[in-house]
Amino acid sequence: MDLKQLEYFVHVAELGSFTRAASFLSIAQPALSRQVRSLEVELRQSLFERNGRGVTLTEAGTRLLAHGRGILQQVERARLDLEDHRGAATGRLVIALPPSVSRTLTSPLVRAFRQRFPKATLSVVEGLSTYVLEWLAIGRVDCAVVYNVAPSAAIDLVPVLDEQLYLVSARGHGNKLIGPAVTLAEVAEHELVIPSLPHSIRMLLETALANEGRKARVAMEVESVPAILDLVQQGEAHAVLALNAIQASGNADAFFVRPIRKPKMTTTLWIATSSQRHRGPLIDQSTELVKELLLKLWA
């Protein structure tokens with residue numbers, strides 16, 4: 001059985017049409033039909049029932065599709081393993097980013113990734129750090145940028161940088177972007193629009209206030225950073241965010257921010273990967289690229 005014939009058969013079965021499969025594979029439809037027909041002759045069974053709307057699988061075709069997918073996946077895994085062995089960065093990388101980081105990092109990362117790894121593909125997903133760690137554990141993503149997380153035997157963590165947290169308010173007349181520092185006690189006096197638990201900044205703030213015998217005055221719980229900034233700009237409440245979130249909004253002139261000191265409030269950005277799964281050259285080299293970009297963009 002020829003692997004190319006098997007690949008063609010799987011594409012026709014999944015797309016339900018010789019025409020669509022030929023277009024997807026960029027080959028002539030008669031050539032595709034001949035390859036699939038040769039496979040049917042070799043197996044001495046019909047794999048498709050042809051009709052005016054396309055094709056449907058016969059019972060034999062359904063059985064072969066299940067085997068064919070597994071065979072092609074195994075061949076692809078073998079190819080990637082051999083590429084890993086010679087150090088080539090190929091394959092597909094799925095990276096998860098916090099929403100506030102994604103706004104700044106995604107475009108530069110896509111451009112740099114395509115330039116540095118032309119034989120690889122990149123997929124970017126957004127999620128809060130807590131959820132992202134679950135995705136790493138189940139293999140949905142290959143690596144992630146996360147905020148303050150607890151150490152785990154299943155996750156490898158590399159610290160990248162610390163971000164100062166600021167009390168964010170709507171800018172009044174005559175205010176500059178960055179004002180004088182405020183204490184945590186002063187933050188506790190303001191009504192806040194803030195993400196719900198287990199958001200990393202919310203957890204950090206709640207813990208720091210509890211250590212001083214105080215509680216946050218939560219006016220609204222909102223998960224979206226752009227929505228939080230909209231509410232702050234409208235004067236509905238204040239927020240606690242890193243400066244990058246303000247700069248990435250494209251509307252920094254609308255805000256007045258003050259660093260939180262006494263105690264100093266910072267959040268750490270980490271690069272996380274699974275310690276339970278194989279790390280090939282693509283993951284190793286891509287995480288180095290992500291670290292470079294974070295340090296450059298956040299500088």
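Predicted model: local features only at pLDDT ≥ 70, side-chain atom pairs only at ≥ 80, totals over all residues.
Residues are numbered from 1 along each chain as its sequence is written, and side-chain values use heavy atoms, with hydrogens and water left out.

Now the overall form. The protein has 11 helices and 11 strands. These are DSSP runs numbered from the N terminus: H or I of at least four residues for helices, E of at least two for strands. The C-alpha trace spans about 80 × 45 × 35 Å along its principal axes. The radius of gyration is 26 Å, while a compact globule of 299 residues would be near 19 Å. That value is taken over C-alpha atoms, and the globule rule is 2.2 Å times the number of residues to the power 0.38.

Back to the second largest pocket. It holds about 200 Å³ of space. Strand 6 (155-170), helix 10 and helix 11 (281-298) each give its lining at least two residues. By class, the lining has 7 nonpolar, 4 polar and 2 charged residues. Here Ala, Val, Leu, Ile, Met, Phe, Trp, Tyr, Cys and Pro are nonpolar, Asp, Glu, Lys and Arg are charged, and the others, Gly among them, are polar.

The largest cavity has a volume of about 190 Å³. Its lining counts 18 residues, with Pro98, Ser100, Tyr147, His199 and Ile201 closest to the centre. Helix 5 (99-116), helix 6 (129-138), helix 8 (200-211), strand 9 (239-242) and helix 10 (243-248) each contribute at least two. That lining splits into 11 nonpolar, 6 polar and 1 charged.

On terms: the grid is 1 Å over the protein atoms alone; in a cavity a 1.4 Å probe fits but cannot get out, a pocket is an open set with protein on both sides within 12 Å along at least five of seven lines, and lining residues have an atom within 4 Å of a point. Points join across faces, edges and corners, and volume is the space filled by probe spheres set on them.

Now a helix pair. The axes of helix 2 (residues 18-25) and helix 3 (residues 29-43) come within 9 Å and cross at roughly 110 degrees. The two helices are therefore roughly perpendicular, a label for 65 to 115 degrees.

Last, two backbone details. Lys262 and Pro263 are joined by a cis peptide bond, with omega about -5 degrees. Pro263 sits in the loop between strand 10 (255-259) and strand 11 (266-274). Arg44, a residue other than glycine, has a positive phi near 60 degrees.

Technical notes
Axes fitted to C-alpha atoms, helices over the stretch in contact; angles between N-to-C directions. Parallel < 35°, antiparallel > 145°, perpendicular 65-115°, else oblique.
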